[in-house]
Amino acid sequence: MAEPATGHRAGPHWWPDGTADLLIVGYGPVGQVLANLMARRGRRVIAVERHARPYTMPRAVAFDGEAARILATAGVEDHLASFGEPSGDYMWRNGEGRDLLYIDAAEVHGRNGWPESTSMYQPGLEEALIAYGKQLPHLTVLRGYEAVGLTQTGDGAELEVADGDGVRRRLRGRWVVGCDGANSFVRRTIGSDFDDLGFHHEWLICDLVLHDRRAFVPNNLQICDPVRPRTQVSAGPGHRRWEFMLLPGERREEMDTRETAWRLLGEWCGITPDDGVMERHAVYTFQAATARQWRDGRLLIAGDAAHLMPPFAGQGMSSGFRDVMNLAWKLDLVLDGRSDASLLDSYAEERRAHVQHATGMSVNLGKVICQTDAKAAADRDAVMIAARERKLARPQQSPFQPLTKGLVWRDEKGRRRRGAGDQVPQARVANGTGTGLFDETVGRGFVFVSLDDPQQELDTTRLAFLDSLGAHVVRLLPAGTDPSTVPSGSVVDVEGTLGAYLDGIGARGVLVRPDTYVFGAASADASAGALVDALRAGLAPALATV
């Protein structure tokens, strides 16, 4: 196969048979993360992007702690501080300036070892992901090529792409993943429509670089004012975003102007051109929808191609990262022949349920925020102020949810066993070489971590199976153990985080999937051997009977 001519490649990485393991359509943040995850595994990846150059303007402005953990796995852990900063606190106020809700986001040691929320400058994030991708010898990025044709073959798919001059070329891949946004070409090829959840509001987005580094207190502010709902948030180091909801009767083309943006900033926020430079303004439609079908044979979708949600819970991009983190290790096993393609059915099954939760949370918050009826807003304010004064439950749910479907250990009646499907917390651990986060110290991939000695718990056949998966088999020692005395294959639970988690689910150990979700737990009622056998059966049912 001839090499496509383009000035925007990660490198001339082509193969004798011209076939990639994975073709990725769309090379925004979700596609970049997937490309890095797969190429780090040694998979041959071609990513196709219709834009000739990376988009230089911010879009998403935040990601959560699990997304930060995923980004670290995608190779940019050392760069997170260059484009991100802890989001800090988040306040809701009504139009009269009364406080409705206060959320104090943790800055360190969140569940995943990273801040619970990070405000970021998206061009900086993409620059870091792209730079890391260029170091991966199995990744090729074709920019300035649009996907125009896609057909499945017996052992893969053929993707036809066209450059800016209309010259067409064909690429071959064993699998294709569409990370190509709300208007996804891959989703349309699959023939999947969106299920519209009936939430639509237009907002004017204004991104500014201020001349000074003033402190904003609170750092993130939501004004629930029926006269005009509005938002101001951190958008990464040195960057800030203001948002104004369009009111009934206001037209997009009239609102999406620099003059309107500065007028609203001045009227509602006291921000003028003397305060900073406006990077951009744009009217976005905040909406909620989920694709009905996420896979057709060798074709799959992820990110905005599979789901859309309002930004009020900051879960859109983070959900896309979860998609590809879930998908990457399953694709890797299928490509390696250790699992058959049916494993990929669990991708949509698991992620759809999780996305429905995140979308529902975002929509519920949006319904509170986007209220323009004065009477309804007054009723809302009264309820929220009373709840705040009485320290009652706040209208904010956690995005962290267990997997309720898919590949987790179940009992004889099909019920999830205790701990199965949890997203395991990331602890700080120590060994003879130092102290760090669990992922960095122990390694990524499958992990069996136990309070007991795994070498004694598991026989040689089961240990060999875990070794064939590249799994890390680790003994967890209690806090206070001298790291200098720790033998190979053991780590100290420095702050007791993992030990507390195991105690909470009544377990001695857990078998964790590469996406950091627990497959199952070993306990007095469920042996470590049975747990490993269950994973083997789940990954390769035919092999489990051999």
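These notebook entries record what I looked up in the structure above.

**Entry 1. Ground rules**

I worked with a predicted model, in which local features need pLDDT of at least 70 and side-chain atom pairs count only at pLDDT 80 or more, while totals for chains, interfaces and linings use all residues. Residues are numbered from 1 along each chain as its sequence is written, and side-chain values use heavy atoms, with hydrogens and water left out.

**Entry 2. The nonpolar cores**

I began with the general remark that nonpolar side chains tend to be buried together in soluble globular proteins. I took a nonpolar core to be a set of buried Ala, Val, Leu, Ile, Met, Phe, Trp, Tyr and Cys residues joined through side-chain atoms within 4.5 Å. Buried means under 20% relative accessible area, exposed over 50%, and partly exposed in between, with a 1.4 Å probe and protein chains only.

Which residues touch the most other members of the largest nonpolar core? I found that L159 and L539 do so, in a core of 99 residues. Helix α8 (residues 316-335) gives this core its largest share, eleven residues. Helices (H or I, at least four residues) and strands (E, at least two) are DSSP runs, numbered from the N terminus. I also noted a second, separate core of 20 residues, with I103, I205, M361 and L365 among them.

**Entry 3. L327 in helix α8**

I looked next at L327, which lies in helix α8. Is L327 buried or exposed? L327 is buried, because its relative accessible area is 0%. Not counting residues up to four places away in sequence, L327 touches V177, L300, L344 and Y347. I also recorded 9.2 Å between the C-alpha atoms of L327 and S346, which are 19 residues apart along the chain.

**Entry 4. Helix α7**

Helix α7 (residues 258-269) has twelve residues. From its first C-alpha to its last α7 reaches 16 Å, close to the 16 Å expected at 1.5 Å a residue; the expected span is 1.5 Å times one less than the number of residues. The buried residues of α7 are T260, A261, W262, L264 and L265. I found that they pack against β12 (194-210), β15 (240-245), α6 (252-255) and β16 (276-291). After α7 comes G270, with a positive phi near 70 degrees.

**Entry 5. Cavities**

Rolling a probe the size of a water molecule over the atoms shows where empty space is left. On a 1 Å grid over the protein atoms alone, a cavity is a set of points where a 1.4 Å probe fits but cannot get out, and a pocket is an open set with protein on both sides within 12 Å along at least five of seven lines; lining residues have an atom within 4 Å of a point. A volume is the space filled by probe spheres set on the points, which are joined across faces, edges and corners.

How many cavities of 30 Å³ or more does a search of the whole structure find? There are three. Of its 18 lining residues, R69, D439, V447, V512 and T516 lie nearest its centre.

The second largest cavity has a volume of about 70 Å³. Its lining includes E66, R322, M325 and Y517, and α8 supplies the largest share, three residues.

**Entry 6. The second largest pocket**

I noted a volume of about 380 Å³ for the second largest pocket. It is lined by 17 residues, of which R41, D332, R444, G445 and P514 are the closest to its centre. Helix α8 gives the largest share of this lining, four residues.

**Entry 7. Backbone exceptions**

Most residues other than glycine have a negative phi, and most peptide bonds are trans. T516 is not a glycine, yet its phi is positive, about 75 degrees. T516 is found in the loop between β25 (509-512) and β26 (518-522) and counts as buried at 9% relative accessibility. The peptide bond from V217 to P218 is cis, with omega near -5 degrees. P218 lies in the loop between β12 and β13 (220-224).

How values were computed:
Contact = heavy atoms within 4.5 Å.
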